[in-house]
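This briefing is meant to be read alongside the sequence and the structure. It takes up the chains, their parts and the places where they touch.

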Amino acid sequence: MKAVAYELERVSSVNEALSALARDEFYKAIAGGQSLGAMLNLRLAQPECLIDLDAIAELRAATVHGDELVLGSMTTHAAIEDGKVPDVTHGMLAHVAHGIAYRAVRNRGTVGGSLCHADPAADWVSAMAAMGATCEVVGPQGSRRVPAEQFVRSAFEPDLNPGEILVQVRVPRLSAQARWSYRKHCRKTGEFALAIVTGVVDPDRGIERLVLGALDGPVKVHSGPGLYARLADPAERRALLSDPESGLSYERRAWHGDLLASVVADLGAKQ
Amino acid sequence: MTVPLDFPEVNEVDVALTVNGARYRVHCEPRTHLADALREHCGLTGTHIGCEHGVCGACTVEVDGAPQRSCLQSAVRFEGKQVTTVEALNDDPLTAELRAAFSAHHALQCGYCTPGMLITARDIVRRLPHADEARVRDELAGNLCRCTGYQGIVDAVMYVLSTHHKREQ
């Protein structure tokens with residue numbers, strides 16, 4: 001199908017983008033357009049005007065500052081997959097990037113666009129939460145930081161107020177002994193996941209974190225010392241999945257349960 | 001009796017595209033995606049349109065040397081970029097090898113997916129010279145074919161992977 005008629009305005013700096021978006025709260029920013037393009041063609045999105053962030057060079061920079069990788073929101077999945085971005089995660093970023101959609105999509109799709117689209121089944125939504133990343137948002141009132149695990153408020157609803165854009169994702173460096181696991185269940189390579197389970201264990205920083213993703217809304221995060229030792233017990237895993245708080249459907253308990261066992265096996269191996 | 005048709009006002013813009021090394025000046029709406037601009041405005045109908053939501057891969061073209069979907073974004077967003085469609089790959093030696101292998105291995109029947117398949121296959125051979133069959137299947141997952149069952153396409157790509165890089169050395 002064809003998109004509804006819309007205007008397209010190309011901007012070349014963050015400030016230009018902010019003043020363009022400030023003109024009308026129904027204007028929408030477009031990054032790589034690999035999700036929004038489909039939504040436009042399906043007429044699920046019908047914006048009056050798109051503000052095109054493609055030409056903003058500063059949003060493509062990726063640099064290491066101290067113990068953080070500061071990833072410009074317009075960094076493409078392919079750039080991360082190909083190792084063009086400094087790796088502070090022992091390969092987790094590249095592994096996750098490689099599993100997103102298809103190469104032709106990864107060549108244009110961006111980390112920030114994917115997070116702002118806020119599809120709960122998108123890979124970065126779960127992976128950034130597991131890595132403990134922080135989203136840096138700028139808007140008319142200045143900038144603010146949101147933990148990645150809270151950035152998706154509900155399905156397709158990012159923590160962005162009118163006129164705000166995501167400019168950076170700050171990924172903390174994993175220490176030398178840290179390990180990660182990222183597992184997802186797709187019926188076909190490249191499609192959105194039916195279930196995602198991912199975890200990071202970083203003993204030097206005292207982090208044990210588990211994320212269940214591809215749910216109806218935000219990710220579910222479990223963390224704390226001894227988490228993975230406890231989850232080595234299948235009864236503990238069943239209890240975690242069937243907890244009414246988690247709100248997992250019968251199917252999801254099976255899918256996520258299967259992946260959870262793998263993640264625990266991945267992360268428990270060298271303890 | 002004549003009834004005047006009431007068409008809504010159309011806002012068209014000028015778009016300067018570089019396709020296969022040639023400059024095209026296209027007059028289209030901002031919503032017109034690149035695949036439509038190529039087919040309807042540039043007369044380059046080698047790029048096919050299947051699903052128009054990024055799943056089928058029929059519209060895959062090269063943008064600055066890397067494959068991208070041409071159905072997902074406004075043509076305006078490709079100004080200043082080099083677009084290469086299957087038409088330009090007539091004289092490309094690697095694509096000639098792929099075409100011969102596609103014929104030999106029955107990697108197409110109706111041919112609808114083939115332009116996108118060739119662009120993707122060319123990217124696989126150039127980017128992943130050591131890919132095994134599992135990786136080739138993985139990389140081809142973004143291009144749907146409803147005729148061949150894929151085995152012929154995988155065989156063709158595997159064959160070119162095994163011969164192309166030896167020939168290059």
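How many helices and strands does chain B have? In this predicted model, chain B has five helices and five strands, and from the N terminus on these elements follow the order β-β-α-β-β-β-α-α-α-α.

**Chain B overall**
- The C-alpha trace of chain B spans about 65 × 35 × 25 Å along its principal axes.
- Of the 169 residues in chain B, 47% are buried.
- Among the contacts in chain B with a separation of 6 or more, 59% are between residues 24 or more positions apart.

**Domains of chain B**
- The domain assignment divides chain B into domain 1, covering 13–88, and domain 2, covering 90–168, and the centres of these two domains, taken over C-alpha atoms, are separated by 22 Å.
- Where the two domains of chain B meet, 13 residues of domain 1 are in contact with twelve residues of domain 2, and the side contributed by domain 1 is made up of six nonpolar, five polar and two charged residues.

**A sheet in chain A**
- Chain A holds an open sheet of three strands, which are arranged in the order β1-β3-β2 with parallel pairing.
- Because β1 (7–10) and β2 (28–30) of chain A stand at the edges and each has a single partner strand, one side of each is left without a neighbour in the sheet.
- Neighbouring strands of this sheet are turned against each other by 30 degrees on average, with direction ignored.
- Strand β3 of chain A, residues 49–52, pairs with β2(A) in the parallel sense over three bridges, and A:Ile51 in β3(A) is the bridge partner of A:Ala29.
- Helix α1 of chain A, residues 14–22, packs on the sheet and touches β1, β2 and β3 of chain A, while its direction makes about 170 degrees with that of β3(A).

**Contact between chains A and B**
- Across the two chains, 25 residues of chain B are in contact with 26 residues of chain A.
- On the side of chain B that touches chain A, at least two residues each are supplied by β4 (66–68), α3 (114–127) and α4 (133–139) of chain B, and β4(B) gives the most, with three residues.
- By class, the residues on that side of chain B divide into seven nonpolar, ten polar and eight charged.

Methods
Residues numbered from 1 in each chain as written. Chains lettered and ligands numbered in written order. Predicted model: local features only at pLDDT ≥ 70, side-chain atom pairs only at ≥ 80, totals over all residues. Helix = DSSP H or I, 4+ residues; strand = E, 2+ residues; numbered from the N terminus. Buried ≥ 20, exposed ≤ 12 C-beta atoms within 10 Å, placed from the backbone. Contact = placed C-beta atoms within 7 Å. Domains from an automatic or database assignment. Nonpolar A, V, L, I, M, F, W, Y, C, P; charged D, E, K, R; others polar. Pairing = 2+ DSSP bridges. Axes fitted to C-alpha atoms, helices over the stretch in contact; angles between N-to-C directions.
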